[in-house]
Amino acid sequence: MSTLRRICWIFPDRESTRATAMWHPFFWDLYAEEAAALGLTWTRNAPDAVTVDGLDTGKPRFYVDEEPVTPQDTLFLTALYSLPYQSADIFNQQSLYAVLEQAGFYLPFPPWLSPIANDKLATLLYFRDSPVPPIPTVRIGTGRDVSKHLYEAALADLPYPALVKPAGWCGGGGVNLARDSEEIRGLVSLAQGGDTTLVAQPYLGDGTVDYRVYVIDGEPYAVMKRTPEPGSPVANASRGGSMEFPPVPPELVDATAYFAEKLPIPFFCVDFLHDGERFWFSELEPDGVIAPDFGDPARTLQRDVTRARWTACRDAHTRFLAEVTR
């Protein structure tokens with residue numbers, strides 16, 4: 001029988017008041033509501049909300065905003081978020097991972113996965129033998145010597161136009177279309193200002209559609225199809241893309257078995273792009289947003305996927321505790 005009573009989502013507490021006002025009704029409040037329907041509490045906590053009394057390393061005591069928590073009653077959801085205003089929190093998140101893991105808490109996203117998922121080329125290399133081919137990618141580190149153009153040694157075979165974007169951001173932020181190496185130079189020099197690593201990829205063409213598959217307990221549970229607005233190189237809703245929720249395409253159903261074997265975790269999202277002729281593997285989102293279907297005021301699918309996610313996490317927590325107590 002499950003002893004889980006609380007899910008703590010560790011997320012950097014740096015959102016603006018406008019962003020917070022948007023995210024609450026978009027998915028945060030619904031996450032809490034669906035957890036409550038399962039008898040669980042879902043809370044969003046900054047890394048510094050977790051305090052540890054480790055004076056006795058054999059029996060450390062953990063607190064979330066002064067409330068005691070234990071590996072038996074609480075699990076922590078935490079994945080790296082690295083938008084520019086969150087960069088100061090990356091080390092805090094990583095070190096907190098380590099402490100929680102060493103203390104025996106169940107982490108649905110194990111610490112080793114977060115850096116792989118956060119860097120787009122690391123993701124594609126980890127899944128290099130995916131049945132849906134990864135998008136060819138060049139990784140460009142930025143720093144004080146970008147004016148020397150040393151990175152151009154890796155650009156000789158890059159076709160243009162090319163899509164250039166941050167290696168670790170989300171939501172379609174920072175995605176640009178470069179038509180030649182000179183435009184890449186300009187983008188790299190701008191990225192230097194924020195020490196932002198970039199990736200460059202062949203542009204798959206206007207109208208490229210994005211498919212996000214929600215994988216729960218190893219099965220393709222639902223898919224979100226995102227279509228870019230005319231003239232946009234990216235389909236994210238934050239960049240004007242439209243969303244719909246069709247059946248999962250058969251080719252992606254077949255591919256999910258591969259990803260589930262590589263990632264035996266209760267929930268993750270895989271993003272694919274379709275160029276009009278074929279699918280390409282784009283990226284992994286271990287904590288991908290479960291977005292609403294705006295055509296359904298009851299938000300039935302969003303609630304269904306969220307409830308299934310929390311159920312899978314609860315079941316995985318139960319199995320984890322059974323394993324460690326053997």
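Mentor: Axes here are lines fitted to C-alpha atoms, for helices over the stretch in contact, and angles run from 0 to 180 degrees between N-to-C directions. Helices (H or I, at least four residues) and strands (E, at least two) are DSSP runs, numbered from the N terminus. The model is predicted: local features need pLDDT of at least 70, side-chain atom pairs count only at pLDDT 80 or more, and totals for chains, interfaces and linings use all residues. Residues are numbered from 1 along each chain as its sequence is written, and side-chain values use heavy atoms, with hydrogens and water left out.

Trainee: At what angle do the axes of helix 1 and helix 7 cross?

Mentor: Helix 1 covers residues 17–37 and helix 7 covers residues 300–324. Their axes come within 9 Å. The crossing angle is roughly 55 degrees.

Trainee: What orientation do helix 1 and helix 7 have to each other?

Mentor: Angles under 35 degrees count as roughly parallel, over 145 as roughly antiparallel, 65 to 115 as roughly perpendicular and the rest as oblique. The axes cross at roughly 55 degrees. Helix 1 and helix 7 are therefore oblique.

Trainee: How many nonpolar, polar and charged residues make up the contact of helix 1 with helix 7?

Mentor: Contact means heavy atoms within 4.5 Å. The classes are nonpolar (Ala, Val, Leu, Ile, Met, Phe, Trp, Tyr, Cys and Pro), charged (Asp, Glu, Lys and Arg) and polar (the others, Gly among them). Helix 1 brings Phe 26, Phe 27, Leu 30, Tyr 31, Glu 33, Glu 34 and Ala 35 to Gln 302, Arg 303, Thr 306, Arg 307, Arg 309 and Trp 310 of helix 7. The contact divides into 6 nonpolar, 2 polar and 5 charged.

Trainee: Which geometry does the ring pair Phe 76 and Phe 105 have?

Mentor: Among the 29 aromatic pairs, this one has its ring centres 5.1 Å apart and its planes at 80 degrees, so it is edge-to-face. Phe 76 lies in strand 6 (residues 74–78) and Phe 105 in the loop between helix 2 (90–102) and helix 3 (113–118), so the pair ties together parts 29 residues apart in sequence. Both residues are buried (under 20% relative accessible area, against over 50% for exposed and in between for partly exposed; 1.4 Å probe, protein chains only). The geometry is edge-to-face.

Trainee: Which elements do the buried residues of helix 6 pack against?

Mentor: Helix 6 spans residues 250–262. Its buried residues are Leu 252, Ala 255, Thr 256, Tyr 258, Phe 259 and Ala 260. They pack against helix 4 (120–126), strand 11 (209–216), strand 12 (219–227), strand 14 (267–274) and strand 15 (279–285).

Trainee: Is Asp 210 buried or exposed?

Mentor: Asp 210 sits in strand 11. Beyond four places in sequence, it touches Met 224, Lys 225, Arg 226, Ala 235, Asp 271, Phe 272 and Leu 273. Its relative accessibility is 8%, so Asp 210 counts as buried.

Trainee: How far apart in space are Glu 15 and Tyr 85, C-alpha to C-alpha?

Mentor: Glu 15 is in the loop between strand 1 (6–10) and helix 1. At 14% relative accessibility, Glu 15 counts as buried. Leaving aside neighbours within four places, Glu 15 contacts Thr 20, Trp 23, Trp 28, Tyr 85 and Gln 86. Glu 15 and Tyr 85 are 70 residues apart in sequence, with a C-alpha separation of 8.5 Å.

Trainee: What is the phi of His 149?

Mentor: His 149 also belongs to the loop between strand 7 and strand 8. At 27% relative accessibility, His 149 counts as partly exposed. Though not a glycine, His 149 has a positive phi of about 60 degrees.

Trainee: What relative accessible area does Asp 195 have?

Mentor: Asp 195 lies in the loop between helix 5 (181–192) and strand 10 (198–202). Its phi is positive, near 50 degrees, in a residue other than glycine. Asp 195 is exposed, with a relative accessible area of 60%.

Terms used:
Phe/Tyr/Trp six-rings, centres within 6.5 Å; stacked < 30°, edge-to-face > 60°.
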